[in-house]
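Visitor: I am new to this structure and would like a close look at a single part of it. Could you take me to the ligand and then show me what lies around it?

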Amino acid sequence: MAHGPAKGIKRWLFTTNHKDIGTLYLWFSFAMFLVGGLFAMIIRAELFQPGMQLVTPEFFNQMTTMHGLVMVFGAIMPAFVGLANWMIPLMIGAPDMALPRMNNLSFWILPFAFLILVATLFMEGGGPNFGWTFYAPLSTTYAPDSVNYFIFAIHLMGASSIMGAINIIATVLNMRAPGMTLMKMPLFVWTWLITAFLLLAVMPVLAGAVTMMLMDINFGTSFFDAAGGGDPVLFQHIFWFFGHPEVYIIILPAFGVISAIIPTFSRKPLFGYSSMVYATAAIAFLSFIVWAHHMFTVGMPLAGELYFMYATMLIAVPTGVKVFNWITTMFRGAISFETPMLFAIAFVILFTIGGFTGLMLAIAPSDIQYHDSYFVVAHFHYVMVAGAVFSGTAAVYYWLPKWCGRMYNETMGKLHFWIAFIGFNIAFFPQHFLGLAGMPRRYADYALQFADWNMVSSIGAFIYGAAQILFLYNVIATIVAGKPVKEAKVWEGAEGLEWTVPTPAPYHTFATPPAVK
Amino acid sequence: MASESNYYYVPESSKLPIFTALGMGLCAYGAGSWVQGHSPMVFLIGAVILAAVLWAWFGAVIRENLAGLYNERVERSFVWGMSWFIFSEVMFFAVFFGALFYVRTIALPELGSPLETELLWKGFEPSWPLHVTPEMAVAGEAAKFKGPREIIDPWHIPLINTIILLSSSVTVHFAHTALKNANRRMFIGWLAVTVLLGAIFLGFQIYEYGEAYRHLGLTLNAGIYGTTFFMLTGFHGAHVTIGTFMLLVQLVRAIKGHFSADNCFGFEASSWYWHFVDVVWVGLFIFVYVLGS
Amino acid sequence: MIAKDEQPRARLLLSLLTLAASVPALADWRETLNMPVGVTEVSREIHALHMTIFWICVAIGVVVFSVMIYSLIAHRKSRGHQAAHFHESTAVEIAWTVVPALILIAMAVPATKAMIKLYDTSDADLDVLVTGYQWKWQYEYLGHGVSFMSELATPESQIYGAEEKSEHYLQEVNNPLVIPVGAKVRFLLTAKDVIHAWWVPAFGVKKDAIPGFVNETWARVEVPGTYRGECAELCGRGHAFMPIVVKAVPQAEFDQWLAAKKREAEELKALTAKTFTMEELMARGEEVYNRSCAACHQVNGEGIPGIFPPMKGSTIATGPLSGHLDIVVNGKPGTAMQAFGQQLSEVDLAAVITYERNAFGNDTGDVVQPLDVYNFKQGQ
Ligand code: HEA
Ligand code: HEA
Ligand code: CUA
Ligand SMILES: [Cu+2]
């Protein structure tokens with residue numbers, strides 16, 4: 001037990017250590033972020049001007065689809081699983097994850113899954129071109145042949161997520177140090193516990209959806225074909241029963257990260273800890289009963305439209321509680337602006353803006369206009385890029401010194417922040433205008449009145465993309481040659497067990513559990 | 001050492017997971033190319049690797065267990081793991097039940113509503129079981145999706161199967177009680193009976209499918225009735241197969257003397273799985289067979 | 001030497017041009033920021049609702065962000081501010097749960113009213129069946145025997161930059177939908193292949209067209225004019241290329257137009273009996289092919305490998321005529337190949353089949369007459 005890591009590549013292939021696996025997840029997710037980002041750059045380059053310049057419409061559709069899939073399943077979800085792996089055992093005083101070998105398995109499934117997914121782009125007929133929401137029958141009867149590989153790749157990702165979720169639940173419920181009661185757990189652990197339940201509940205639903213597709217395509221069933229008595233809208237109900245909780249799977253761990261960073265740099269305990277826990281649970285619960293707000297135009301009965309509108313609006317209440325708690329935490333603190341805090345503050349502002357547009361989308365009559373326009377694209381990039389990606393970035397800056405015992409370059413970190421912040425807003429704020437003016441999403445080409453804002457948006461996207469290269473450089477430079485940090489408590493205001501272990505965190509921590517007051 | 005309640009066994013680094021992942025990856029890729037009409041070779045290679053690695057993995061777990069490396073706390077992780085895995089399986093079945101309810105209460109009535117029948121599906125009448133699909137109402141015998149001529153009578157084989165599966169839940173419980181009472185012979189006996197009942201159930205199910213395909217026109221292509229019928233009963237059948245296999249493995253282990261009253265997680269996990277499969281069947285019997293006829 | 005002299009001038013010219021080009025852009029600038037107000041009661045109501053919710057969100061945002069920015073400025077460590085230690089207050093927490101809930105209720109009231117109005121499709125004066133195809137719309141005036149396809153009119157040369165883009169680039173069609181002003185028009189939507197969505201922003205109308213099902217929506221347009229919309233549900237490679245153009249005209253003009261359309265249909269039917277020359281068929285066929293088939297099989301007849309088969313050297317297009325007629329008239333169910341027998345007239349069908357059998361080096365020499373198509377259809 002007391003020995004260090006194995007040498008060479010074997011360490012990474014065969015490891016059962018939560019820190020190694022966390023590192024693997026984080027690097028994998030960053031690689032996928034670059035791949036997904038590259039696809040986004042292709043999209044934005046094509047949309048730079050009206051007319052088709054760089055790619056064909058079918059390739060454009062493949063880019064949109066793969067961008068969404070790779071970002072959601074390849075970049076964001078693994079990033080937070082990676083953080084969970086690194087931090088949860090440290091935060092609750094556990095020697096490792098509960099099921100270490102399965103932990104390694106959940107990671108290594110992912111490279112295979114994404115290899116298959118990305119390989120479809122090189123197959124005859126091209127890769128998936130039906131959007132990340134893969135509505136039937138475009139994704140069944142009318143799909144390219146590669147759809148079968150896509151289906152099995154999704155199955156693999158689902159298996160990985162389910163195992164990951166089981167592991168997290170078992171760890172949190174079973175591995176806490178003596179005295180670490182549930183209501184003493186850091187919020188990051190709480191948000192992940194709840195997220196893990198969401199994953200367990202909805203990944204099988206996604207698996208069911210793609211299985212039905214597989215059967216419709218290859219084995220003559222008629223789930224989504226009216227000719228046999230099925231219904232394409234059934235697909236959408238199933239997909240969004242998965243899909244809506246999925247967006248909270250993406251954002252809840254981000255809430256956890258922000259709830260760790262803001263108190264640290266405000267030097268003040270988190271305001272309203274227990275209401276944060278209840279709000280998270282409430283959001284998770286509500287996320288199961290609002291799915292059809294993505295389907296206001298499919299022709300549901302009036303009662304359905306109204307019900308889903310009301311239920312969706314309710315989510316603003318617990319989310320508001322979170323935002324207010326963060327702000328009250330900052331209120332009368334002693335605030336300093338290190339890079340993680342800058343990203344956290346930007347998160348609060350931009351996520352709230354994204355939440356407001358979410359609320360506007362929830363108003364069913366107005367959504368008749370917004371639906372499937374760039375207004376929606378703007379909404380979800382505010383919550384997913386400025387939400388999930390910003391918080392993931394903040395987390396990396398925040399915990400990097402603890403992970404590798406070296407301090408990142410603060411100036412470069414701040415520069416990264418400002419370029420990212422400005423680039424992000426130039427890229428995505430104008431998309432609100434585009435959507436309101438009537439530009440539909442998933443368009444390879446557009447009418448002339450949309451030209452100006454598209455160009456602005458593309459320029460912003462390039463700026464934001466370039467900022468990521470700076471980030472990559474900063475992280476590598478830190479790991480290789482950053483200024484060494486010795487103190488266990490890297491940040492003056494930080495609280496929690498993870499700051500009691502030495503810096504850099506040793507290979508094995510808490511082999512004997514710490515005492516928690 | 002193992003008795004110390006705070007100690008937790010963390011396994012050494014292991015080759016097992018990555019080869020499992022490799023097996024799964026090959027299976028997924030191979031399945032993709034197989035359904036597309038290519039050879040199943042890649043899939044089979046993946047499956048062989050997967051089987052071999054899982055064999056080794058379970059072997060390792062059993063060895064570690066027998067070596068006393070697992071204390072109560074480790075076992076609790078397994079308990080949580082298995083319970084939440086079963087929960088995810090419940091959700092998987094829930095989707096297919098959900099599809100059935102949706103089709104019956106929303107899709108079919110809408111397909112039979114005035115606008116749809118006037119403009120698209122002249123003469124279509126929704127009913128359950130759906131003998132005449134919308135396409136058939138318009139195109140007659142030329143239709144691709146033709147509803148079943150007849151469906152399975154719930155009060156014959158399905159009823160027998162219900163009785164078989166329900167009793168198997170009881171027998172596996174008897175086995176558990178016998179184990180708790182350290183009655184090895186009864187334990188092995190009841191477990192063997194359970195495995196046998198599982199196998200008989202599967203036999204009947206296969207017979208029923210044969211009948212459906214040969215005599216009733218009830219196939220996967222038989223419109224939404226055939227679709228929901230086969231997908232629900234089929235996935236259930238697959239789970240019974242897995243469950244029977246799991247119990248069979250436990251039977252072999254029982255004969256080898258692996259279990260004691262307080263060290264029997266492998267058996268317990270399999271029996272939970274078996275109860276779960278049983279409960280799903282009760283749902284099927286009611287919603288697919290009885291209320292479906 | 002000359003070139004050197006001219007460089008600054010060229011640059012000046014370029015910047016002036018850029019400036020000139022951006023002046024109209026500047027003028028439109030404000031109009032591209034917000035949702036335009038439409039020309040139906042429903043769309044105006046949606047717009048009002050949109051603005052109400054927007055301003056409420058802005059107000060909440062101002063309050064929330066002011067507190068935050070105030071703290072960020074006043075409670076900085078660098079200013080020597082000492083952190084307080086409070087971390088709970090039940091009263092405050094209840095307040096900020098209840099107040100947003102009340103705001104939401106206030107929002108829900110007008111939203112519910114608007115939604116009910118949106119859904120009231122009763123008592124329509126005119127029913128139009130809108131059918132989505134990959135990648136065009138079909139409009140059928142129910143009970144009037146008039147039906148036609150409406151396809152993108154922007155030529156490929158504009159899309160691929162060989163030609164200047166016209167004013168209504170990608171928002172122009174060959175046959176616009178025409179509806180009377182002031183009448184309540186009910187749109188019945190369906191699709192033949194994948195899901196499309198029929199969106200005309202100025203009407204406040206967006207509804208999915210779902211294969212096998214019929215959706216309803218409605219509009220009562222108040223102002224005559226031409227309104228442009230788009231397909232709003234991803235439907236394949238031509239998703240961005242199946243616009244909607246609606247002309248709202250006074251009732252009298254509409255009646256005239258409808259009568260003319262009926263006559264046109266009869267004339268076309270009469271042509272079925274006529275015998276055409278090869279040249280006539282090839283010319284007409286090329287036009288039909290480029291409009292209706294080239295989106296998939298490509299202008300050069302080479303298709304897209306793995307998705308759309310080539311016409312060039314196709315065994316069907318060069319094989320027995322009956323097979324060719326069959327696939328074009330009946331399509332191939334379960335693939336993107338549609339049943340064009342319901343979309344094109346006998347004349348157009350004859351022309352396009354003749355074209356396919358003789359273009360792209362297929363050179364079969366076959367001539368197909370409208371009557372052959374007619375007989376083929378009858379014989380089924
Ligand atoms: C991280 C991901 C994430 C998050 C957190 C959210 C959060 C929310 N989303 Fe979003 N959403 C997506 C990701 C996300 N969404 C994605 C990816 C899509 C598109 C999918 C696709 O089609 O491809 C989408 C689409 C989408 C739609 C469908 C639009 C359409 O296609 O027509 C709707 C409609 O209701 C919606 C609503 C909401 C709401 C109400 C919230 C709420 O949770 C927001 C709550 C937050 C606030 C409201 C702000 C803070 C609150 C206060 C300060 C309190 C006071 C406020 C008030 C009383 C107003 N979202
Ligand atoms: C969390 C998920 C996530 C993230 C992080 C992003 C990030 C980005 N997205 Fe995202 N996006 C989605 C999820 C996400 N997106 C989803 C779900 C959809 C819907 C898909 C669908 O409709 O089916 C979508 C759709 C979508 C569209 C609409 C496409 C369409 O409708 O056709 C656009 C268009 O602008 C876009 C742009 C971007 C940009 C510019 C970024 C940037 O933030 C990316 C920045 C990152 C990089 C650029 C990588 C780093 C740098 C390099 C690789 C080096 C090269 C860099 C340069 C050349 C500058 N996205
Ligand atoms: Cu039709 Cu998009
Ligand atoms: Cu949602």
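Guide: Let's begin with where the ligand sits: ligand 1 lies between chains A and C. Please keep in mind as we go that this is a predicted model.

Now look at the surroundings of the ligand. A shell of 33 residues surrounds ligand 1, and the closest are Trp132(A), Tyr248(A), Asp367(A), His371(A) and His379(A). Sorted by class, that shell has 20 nonpolar, eleven polar and two charged residues.

Some side chains are worth a visit one by one. In Asp367(A), a side-chain N or O atom is 2.6 Å from an oxygen atom of ligand 1. His371(A) has a polar side-chain atom 2.7 Å from an oxygen atom of the ligand. For Arg441(A), the distance from a polar side-chain atom to an oxygen atom of ligand 1 is 2.8 Å.

Which helices build the shell? In chain A, α7 (232-266), α10 (316-330), α11 (339-362) and α13 (374-404) each supply at least two residues of the shell around ligand 1. Of the contributors, α11(A) gives the most, with eight residues.

Besides its part in the ligand shell, α7 of chain A supplies at least two residues of the side that touches chain B, as do α1 (8-14), α4 (100-119), α5 (147-174) and α6 (187-218). The contact takes 65 residues from chain A and 60 residues from chain B. On the side of chain A, the residues divide into 43 nonpolar, 16 polar and six charged.

How much area is buried between chain A and chain B? The figure is about 5500 Å², and carbon and sulfur atoms give 73% of this. Phe14(A), Arg101(A) and Asn174(A) supply 14% of the area that chain A buries against chain B, more than any other three residues. Arg101(A) also forms a salt bridge with Glu64(B), with the closest N and O atoms 2.9 Å apart. The count of salt bridges between chain A and chain B is one. Across this interface there are also 14 residue pairs in polar contact.

Look at how domain 1 and domain 2 of chain C meet: twelve residues of domain 1 are in contact with 13 residues of domain 2.

Domain 1 and domain 2 of chain C bury about 870 Å² between them, with 51% of it on carbon and sulfur atoms. In domain 1 of chain C, Val39(C), Thr40(C) and Asp120(C) lose the most area to domain 2, together 54% of what that side buries.

Here, too, one salt bridge crosses the interface of domain 1 and domain 2 of chain C. Glu222(C) forms a salt bridge with Arg44(C), and their closest N and O atoms are 2.4 Å apart. Between domain 1 and domain 2 of chain C, nine residue pairs are in polar contact. On the domain 1 side, α2 (41-74) and α3 (90-118) of chain C are the elements that give two or more residues, and α2(C) gives the most, with five residues.

Conventions: Residues are numbered from 1 along each chain as its sequence is written. Chains are lettered from A and ligands numbered from 1 in the order in which they are written. This is a predicted model: local features need pLDDT of at least 70, side-chain atom pairs count only at pLDDT 80 or more; totals for chains, interfaces and linings use all residues. Side-chain values use heavy atoms; hydrogens and water are left out. A residue is near a molecule or strand if one of its heavy atoms lies within 4 Å of it. A polar contact is a pair of N or O atoms within 3.5 Å; within protein, one must be able to donate a hydrogen and the other to accept it, and residues adjacent in sequence count only if both atoms are side-chain atoms. Helices (H or I, at least four residues) and strands (E, at least two) are DSSP runs, numbered from the N terminus. Ala, Val, Leu, Ile, Met, Phe, Trp, Tyr, Cys and Pro count as nonpolar, Asp, Glu, Lys and Arg as charged, and the others, Gly among them, as polar. Contact means heavy atoms within 4.5 Å. Buried area is the accessible area (1.4 Å probe) that two parts lose on being put together, summed over both. A salt bridge is a side-chain nitrogen of Lys or Arg within 4 Å of a carboxyl oxygen of Asp or Glu.
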